[in-house]
Amino acid sequence: MNGEPLKTVYLKPREADRLRAGHPWVYYGEITPLREPITDGECVQVLDSRNHLVGCGLFNSKSKIRVRLLSRREKLTLNTEFFKNRIETALEVRRHAMPGATSFRVVNAESDFLSGLIIDKYEDVLVLQTTSLGMDQRKPLIVEALKEIFHPTAVLEKNDSPSRTFEGMEMVHSTLYGTAPAGDQLIRLNQLQFKVNFDSGHKTGCYLDQQVNYKKVGDMAAGARVLDCFCFLGGFALHAAKGGAREVIGIDQSETAIKTASEGAKLNNLSGCTFINANAFDWLIEHAKNTEIEQKDLFDLIILDPPSFTRNRHSVDAALNGYKEIHLRALKLLRPGGTLATFCCSHHVDTQSFQNVILNAAFDAHKILRRTHIYSQSPDHPIIPVIPETEYLKGFAFEVAK
Ligand code: SAH
């Protein structure tokens, strides 16, 4: 790398356009056989079939994504300075879009031109995920850059993403710098405090991608009786309580999540919250099965934010059935004039298909829906439309006609 010319990967004819438009992934089927040996994780340049530069990036022979482009320029020196610059640029976006936020995603991989790298900030603790071999090998440089920018108390790696296996890497949890918090880390999302556990928590700890939606949905809850299905730490439930809900019920099948959500209500001095450890499908069926549901049992606001029912294209139909089922049950428990706030975090289910499923459920439930809000992932998870994989979270609020 130091002054030495980069080794070259050549594209087959007609494979450059998608990359030139901004997508950083060069697939194995798009390149010609290597003309010289290249070590996995090495920085390479990519040329099109006419020998024109497409960009530079990190190579891995074990991955279907052979090169992840990091630059469109001729040279790429991956040192602390490079990472500092990229991270500071990403930070600017967050400062503009989420002023005052103290816990958020600092780097969202492809969305921040750092394919294979995720960095989340939980107050003064940073949590890192590396999903490409090239990035993984450069963790010391990244940690150095993070120390200079944030002066964190700890930098942790929570590398438990199954996609690491596609790059020939193991899953690993470790402390890269400083001292990991003993037990839970207290963080602030909007005006509320949450306890996040880096060992048991989902993703790097919690769902930072819903931060702006928590507030938007919570602001609709004044005076409402609210049901938060798949509540995890109670992100929506606690924001609804803060927004003035008269009663909030949260449901999750994880006992740990329910315990933490209940503690969260106390921590924030929020009353009227009940968290129930149950399967949301069963709970909804149980409560919606009476043909004559009493008025007092109906909800003014129901939130559905289930896990992704599909991780790949092949199980989309099964996932859509699952989505239809919960919407059908939820609509039965919503009072006329009430609101359903519903989310889908699967990249493989597009916005239109998701809305269609909800409308099918409404048809079966004999309800007419009026759409009042469209939601997306928080702006610390930016979307680059030419990289469709960066867009995954979608949501709607629908009011049920009286
Ligand atoms: N709304 C949450 C995120 C939900 S993630 C938030 O914003 O933080 C999905 C959650 O659904 C997880 O906490 C998981 O434990 C829970 N879950 C998965 N399947 C479930 C089921 N069948 N019934 C109830 N909870 C379920």
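Student: So a crossing is left-handed if the near helix is turned anticlockwise from the far one by less than a right angle, and right-handed if clockwise. Which is the crossing of α9 and α10?

Tutor: Right-handed. The model is predicted, so local features need pLDDT of at least 70 and side-chain atom pairs 80 or more, while totals for chains, interfaces and linings use all residues. Residues count from 1 along each chain as its sequence is written, and side-chain values use heavy atoms, without hydrogens or water.

Student: Where are α9 and α10, and what is their angle?

Tutor: α9 covers residues 316–332 and α10 covers 351–364. They pack at about 45°, axes 8 Å apart. Helices are DSSP runs (H or I, at least four residues), numbered from the N terminus. Axes are lines fitted to C-alpha atoms over the stretch in contact, with angles from 0 to 180 degrees between N-to-C directions.

Student: New topic. How do α2 and α4 pack?

Tutor: At about 50°, with axes 8 Å apart. This crossing is right-handed.

Student: What classes of residue are in the contact of α2 with α4?

Tutor: 9 nonpolar (Ala, Val, Leu, Ile, Met, Phe, Trp, Tyr, Cys, Pro), 4 charged (Asp, Glu, Lys, Arg) and 1 polar (the others, Gly among them).

Key
Helix = DSSP H or I, 4+ residues; strand = E, 2+ residues; numbered from the N terminus.
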